[in-house]
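Reader: I have a model open and would like to talk it through with you. Could you take my questions one at a time?

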Amino acid sequence: MMNLYIIYIFLIMFMFGCITYISSRKHLLCTLLSLEFMVLILFSILLMYLLFMKFEGYFSMFFLSFCVCEGVLGLSILVSMIRTHGNDYFQSFSVLQC
């Protein structure tokens, strides 16, 4: 019964992360932070599921390594955008520029 409450708490946290992701349209850094929060919650849910079903936890390490690669890719895009445009505002960034 306690595991069900924890899953509900994780799902509510994931929904708050989705709402934050949708509402943060100004800064790329806020968007990346909310994405990383959602990935962390998904990792927690996956780890709890694997432990509850008595499966091996190796898949969680693969998931975590892909999440780290996704975070590094997002930060590299942020750094290159700041170097070319001077800030991380979405209003000053145009898709038509190369």
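Reader: How many disulfides does the structure hold?
Author: Keep in mind that this is a predicted model. A disulfide needs two cysteine sulfur atoms within 2.5 Å. The sulfur of C67 has its closest cysteine sulfur in C69, 9.1 Å away, which is too far for a bond. C69 is in no disulfide either, and the count for the structure is zero.

Reader: What pattern does the protein chain follow along the sequence?
Author: Happy to spell that out. The protein chain has three helices and zero strands. Read along the sequence, that gives the pattern α-α-α.

Reader: Which residues make the nonpolar surface patch of about 460 Å²?
Author: One member to look at is Y8, which lies in helix α1, residues 2-23. Patch residues need over 30% relative accessible area, and Y8 has 46% relative accessibility, so it counts as partly exposed. The patch is made by L4, Y5, I7, Y8 and L11.

Reader: And what share of the accessible surface of the protein chain belongs to carbon and sulfur atoms?
Author: Good one to end on. Buried residues make up 22% of the 98 residues in the protein chain. The accessible surface comes to about 7600 Å², and the share belonging to carbon and sulfur atoms is 78%.

Notes. Residues numbered from 1 in each chain as written. Predicted model: local features only at pLDDT ≥ 70, side-chain atom pairs only at ≥ 80, totals over all residues. Heavy atoms only, no water. Helix = DSSP H or I, 4+ residues; strand = E, 2+ residues; numbered from the N terminus. Buried < 20%, exposed > 50% of the residue type's maximum accessible area, 1.4 Å probe, protein only. Areas by Shrake-Rupley, 256 points an atom, 1.4 Å probe, with all protein chains shown as cover. Patch = residues over 30% accessible without salt bridge, like charges linked within 9 Å, V, L, I, M, F, W, Y side chains within 5 Å. Salt bridge = Lys/Arg side-chain N within 4 Å of Asp/Glu carboxyl O.
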